[in-house]
Amino acid sequence: QVQLVESGGGLVQAGGSLRLSCAASGSIWSIPTMGWYRQAPGKQRELIAAITSRSSTNYTESVKGRFTISRDNAKNTIYLQMNSLKPEDTAVYYCKMEILTTWYAGAVDYWGQGTQVTVSS
């Protein structure tokens, strides 16, 4: 069984920084892709950053140059460094990992529990 646990959210003033972490535990063979999503009140959940097993990254336009996604494969952990935060970054942030539990199994998406990020103006 696989579990994802997030940490690092909180309240910060505009212009400040936060670092989110998401660690996966359980029976894991590989994690091809990891990503961070966010969902603001009244809005749909959106993908904001993704990283492959070879550390190729992609970002949504609104966070480019401010957020950095990274991963530690030895720890099955993903990070999101968020700098120059804006009030519009306020949302619940979720991690998602595409996980293979064995070499012959298909990949399954697992989600973290979500962590609140609030940016005050």
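Modeller: W103 sits in the loop between β9 and β10 (108–111); strands are DSSP runs of E, at least two residues, numbered from the N terminus, while helices are runs of H or I of at least four. Keep in mind that this is a predicted model, where local features need pLDDT of at least 70, side-chain atom pairs count only at pLDDT 80 or more, and totals for chains, interfaces and linings use all residues. Residues are numbered from 1 along each chain as its sequence is written, and side-chain values use heavy atoms, leaving out hydrogens and water.

Biologist: Is W103 buried or exposed?

Modeller: Buried means under 20% relative accessible area, exposed over 50%, and partly exposed in between (1.4 Å probe, protein chains only). W103 has 63%, so it counts as exposed.

Biologist: How many helices and strands does the protein chain have?

Modeller: Zero helices and eleven strands.

Biologist: And which residues have the most contacts inside the largest nonpolar core?

Modeller: A nonpolar core is a set of buried Ala, Val, Leu, Ile, Met, Phe, Trp, Tyr and Cys residues joined through side-chain atoms within 4.5 Å. Here the largest one has 28 residues, and W36, I78, L80, M82, Y93 and M97 have the most contacts inside it. β9 gives the largest share, five residues.

Biologist: What does M97 touch?

Modeller: Contact means heavy atoms within 4.5 Å. Leaving aside residues up to four places away in sequence, the partners of M97 include L4, C22, I78 and Y110.

Biologist: What percentage of the 121 residues is buried?

Modeller: In the protein chain, 38%.
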